[in-house]
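Subject: Structure handover

Hello,

Here is the structure for you to open. My notes on it follow below.

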Amino acid sequence: MIVLFDSHCHFDFDVFDADRESVWQTCNQRGIGYLIIPAVAQQQWQVASEIANAHNNIYMAVGLHPWWIEKSLAADNIESYLRIVEQDLQRHIFQTKCVAIGECGLDALVETPMQLQQQVLDLHLKSAQENSRPLIIHCRKAHNELSTQLKNYSLPQGGVIHGFSGSYEIAMRYWAMGFRLGIGGTITYERANKTREAVKKLPLEALLLETDAPDMPIQGKQGQRNSPDAIVDIAQTLAQLRNVSLEKIATQTTANSKLLFKITS
Ligand SMILES: [Zn+2]
């Protein structure tokens, strides 16, 4: 029996409120044994924590995602805002079943100023360094800015660049810095040529599987709510692209996630 690990699923979002239990049961029946909820903002940390605590093998992480950074801050409020985020983070990172810091990162396609995003990300990187925790990172169109910022810290626990899409070269740069790549529904789209070519060649030890549900539906399911059970299709696509068995993909990627997030059960 294969065991798959969804390393990135927003299972705490309201869209799962009505049928979360049955979705998770279906997942278990289809071989999805583990799931991480990377909570995106303070108000979700408690929600994610309660879901994780109520289920075997569901874990969570705490972070402030760039989309959830307060956009309307006046310049003189930024300092106090950052202080609150830092204190909240400090209080939550070692709660039960919290295995990482994130989701946090940089996104050049949103209106929140890049400088403010970088300040918020700095809090997460500092905390990861001081508390020896892995990171779950979101990055859109800001790979240079992100690499530069990561280099300012000593992060032996590394982390994952989630929802990776990009070239082999960019992926290998992150792998060399101790970061794995989160591989999701993107690879099911034939037009995602560059990413599909990259995942054929990358070391299998560098890859984690993820759905990013409810976002990022796989090919053929556009416009529908994505579900963590799509991890099976993503694993199958990766197996086809690399010309190896589904078992091999499942065994290695689940081991990679367990190693990164120090999950021993
Ligand atoms: Zn996400």
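**Strands and helices**

β1, helix α1 (residues 20-29) and β2 make a right-handed β-α-β unit. Right-handed means that, with the strands pointing away from the viewer, the path from the first strand over the helix to the second runs clockwise. Helices (H or I, at least four residues) and strands (E, at least two) are DSSP runs, numbered from the N terminus.

This is a predicted model: local features need pLDDT of at least 70, side-chain atom pairs count only at pLDDT 80 or more, and totals for chains, interfaces and linings use all residues. Residues are numbered from 1 along each chain as its sequence is written, and side-chain values use heavy atoms, with hydrogens and water left out.

β2, helix α2 (residues 42-54) and β3 form a right-handed β-α-β unit as well. Strand β1 (residues 4-6) pairs with β2 in the parallel sense, over three bridges. Pairing requires at least two DSSP bridges between two strands. D6 has L35 of β2 as its bridge partner. Strand β3 (residues 58-62) also pairs with β2 in the parallel sense, here over five bridges. I36 has Y59 of β3 as its bridge partner.

Strand β2 (residues 32-39) is mostly covered: eight of its eight residues are buried. Buried means under 20% relative accessible area (1.4 Å probe, protein chains only).

**Zinc site**

Which residues coordinate the zinc ion? They are H8 (NE2), H10 (NE2), E103 (OE) and D212 (OD), at 2.1 to 2.7 Å. Donors are N, O and S atoms within 2.8 Å of the metal (3.2 Å for Na, K and Ca); water is not among the atoms, so sites may look incomplete. The spacing of the donor residues in sequence is H-x1-H-x92-E-x108-D.

Why is the arrangement irregular? The four donor atoms subtend angles of 82 to 167 degrees around the zinc ion. Four donors count as tetrahedral if all angles lie between 85 and 135 degrees; four count as square planar and six as octahedral if opposite donors are over 155 degrees apart and all others between 65 and 115; anything else is irregular.

H8 is buried because its relative accessible area is 0%. H10 is buried too, at 3%.

**Largest pocket**

The largest pocket holds about 700 Å³ of space. Its lining has 32 residues, and C139, R140, G163, S165 and M216 are the closest to its centre. A pocket is an open set of points on a 1 Å grid over the protein atoms alone, where a 1.4 Å probe fits, with protein on both sides within 12 Å along at least five of seven lines; lining residues have an atom within 4 Å of a point. The volume is the space filled by probe spheres set on the points, which are joined across faces, edges and corners. β5 (135-140) supplies the largest share of the lining, three residues.

Best wishes

Definitions and conventions. Buried means under 20% relative accessible area, exposed over 50%, partly exposed in between (1.4 Å probe, protein chains only).
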